[in-house]
Amino acid sequence: MSEHSERSVVVERTSSGQFTATNVRGGSISFGTSSESGQDTGFTPVELFLAAIGGCGAVDVDIATSRHAEPTRFSVTVAGDKVSDDLGNRMTNLKVSFTVDFPDDEGAERARAILPRAVKASHDRLCTVSRTVEIGAPVTTTVADA
């Protein structure tokens with residue numbers, strides 16, 4: 001059975017090249033293509049895309065493994081190549097790498113054993129973000145009446 005439940009965010013311009021995305025629960029994150037302070041430290045939309053892929057997998061894997069042992073290190077690196085060609089601007093060669101360590105205590109061996117299966121399950125069926133990228137979904141754009 002498939003769950004159909006709309007998800008949404010609202011993206012608003014806050015200044016030149018700067019935006020804030022707000023979810024229905026009131027959470028927000030700022031991003032953009034330029035920095036008001038002159039320091040280019042903010043996230044770009046492409047970096048948010050990579051973070052969404054990594055974050056989705058991280059949540060899945062953390063749920064599966066941390067019930068057995070609390071990790072001493074949990075890091076997910078997501079990288080890819082930004083290309084511009086006849087198909088337009090896009091990301092290729094997306095790679096997700098998990099680095100997870102557990103202490104040598106009760107449950108850690110079970111958590112280590114579960115880790116590869118949890119990463120595979122996230123990739124193959126659980127992570128909505130990477131599944132959407134791999135399967136593909138049409139994106140419809142419109143302009144609302146002003």
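A residue counts as buried when its relative accessible area is under 20%. The legends below describe close-up views of a predicted model.

**View 1. A disulfide joins Cys-56 and Cys-127.**
In this predicted model, the sulfur atoms of Cys-56 and Cys-127 lie 2.4 Å apart and form a disulfide. A disulfide is a covalent bond between the sulfur atoms of two cysteines. The count for the structure comes to one disulfide. Cys-56 belongs to helix 1, whereas Cys-127 sits in the loop between helix 2 and helix 3, so the pair, 71 residues apart, links distant parts of the chain. The angle about the S-S bond is 140 degrees, and the link of Cys-56 and Cys-127 is right-handed. Cys-127 has a relative accessibility of 1% and therefore counts as buried. Cys-56 is also buried, because its relative accessibility is 16%.

**View 2. Helix 1 packs against helix 2.**
Two packed helices are described by the angle between their axes and the distance between the axes. Helix 1 spans residues 45–66 and helix 2 spans residues 108–126; their axes come within 9 Å and cross at roughly 140 degrees. This angle makes helix 1 oblique to helix 2. The crossing of the two helices is right-handed. On the side of helix 1, the contact is made by Cys-56, Gly-57, Asp-60, Val-61, Ala-64 and Thr-65. Helix 2 contributes Ala-111, Ile-114, Leu-115, Ala-118, Val-119, Ser-122 and Leu-126. Sorted by class, the contact of helix 1 with helix 2 has nine nonpolar, three polar and one charged residues.

**View 3. Helix 1 also packs against helix 3.**
Helix 3 covers residues 128–135, and its axis is 7 Å from that of helix 1, at an angle of about 120 degrees. Helix 1 and helix 3 are therefore oblique to each other. Phe-49, Ala-52, Ile-53 and Cys-56 of helix 1 meet Thr-128, Val-129, Ser-130 and Val-133 of helix 3. By class, six nonpolar and two polar residues make up the contact of helix 1 with helix 3, with no charged residues. Cys-56, one of the residues of helix 1 in this contact, is also a partner in the disulfide with Cys-127.

**View 4. Helix 2 meets helix 3.**
The axes of helix 2 and helix 3 come within 7 Å of each other and cross at roughly 55 degrees. The two helices are therefore oblique to each other. From helix 2, the contact involves Ser-122, His-123, Asp-124, Arg-125 and Leu-126. From helix 3, Thr-128, Ser-130, Arg-131 and Glu-134 take part. The contact of helix 2 with helix 3 has one nonpolar, four polar and four charged residues.

Phe-102 is located in the loop between strand 5 (88–101) and helix 2. Its relative accessible area is 8%, so Phe-102 is buried. Apart from residues up to four places away in sequence, Phe-102 touches Thr-65, Ala-69, Glu-70, Pro-71, Thr-72, Ala-108, Ala-111 and Arg-112. Between the C-alpha atoms of Phe-102 and Lys-120, 18 residues apart along the chain, the separation is 19 Å.

Met-91 is part of strand 5. With a relative accessibility of 19%, Met-91 counts as buried. Not counting residues up to four places away in sequence, the residues that Met-91 touches are Val-46, Phe-49, Leu-50, Gly-80, Asp-81 and Lys-82. Met-91 and Phe-49 are 42 residues apart in sequence, and their C-alpha atoms are 9.8 Å apart in space. Asn-93 is likewise found in strand 5. Asn-93 counts as partly exposed, because its relative accessibility is 47%. Most residues other than glycine have a negative phi. The phi of Asn-93, however, is near 55 degrees, a positive value in a residue other than glycine.

**View 5. Phe-19 is placed in strand 2.**
Strand 2 comprises residues 18–23 and includes Phe-19. Phe-19 is partly exposed, with a relative accessible area of 28%. Leaving aside neighbours within four places in sequence, Phe-19 is in contact with Val-11, Glu-12, Arg-13, Thr-14, Ile-29, Ser-30, Phe-31 and Gly-32. The C-alpha atoms of Phe-19 and Thr-33 are 9.0 Å apart in space, and the two residues are 14 residues apart in sequence.

Notes: Residues are numbered from 1 along each chain as its sequence is written. This is a predicted model: local features need pLDDT of at least 70, side-chain atom pairs count only at pLDDT 80 or more; totals for chains, interfaces and linings use all residues. Side-chain values use heavy atoms; hydrogens and water are left out. Axes are lines fitted to C-alpha atoms, for helices over the stretch in contact, and angles run from 0 to 180 degrees between N-to-C directions. Helices (H or I, at least four residues) and strands (E, at least two) are DSSP runs, numbered from the N terminus. Angles under 35 degrees count as roughly parallel, over 145 as roughly antiparallel, 65 to 115 as roughly perpendicular and the rest as oblique. A crossing is left-handed if the near helix is turned anticlockwise from the far one by less than a right angle, and right-handed if clockwise. Contact means heavy atoms within 4.5 Å. Ala, Val, Leu, Ile, Met, Phe, Trp, Tyr, Cys and Pro count as nonpolar, Asp, Glu, Lys and Arg as charged, and the others, Gly among them, as polar. Buried means under 20% relative accessible area, exposed over 50%, partly exposed in between (1.4 Å probe, protein chains only). A disulfide is a pair of cysteine sulfur atoms within 2.5 Å.
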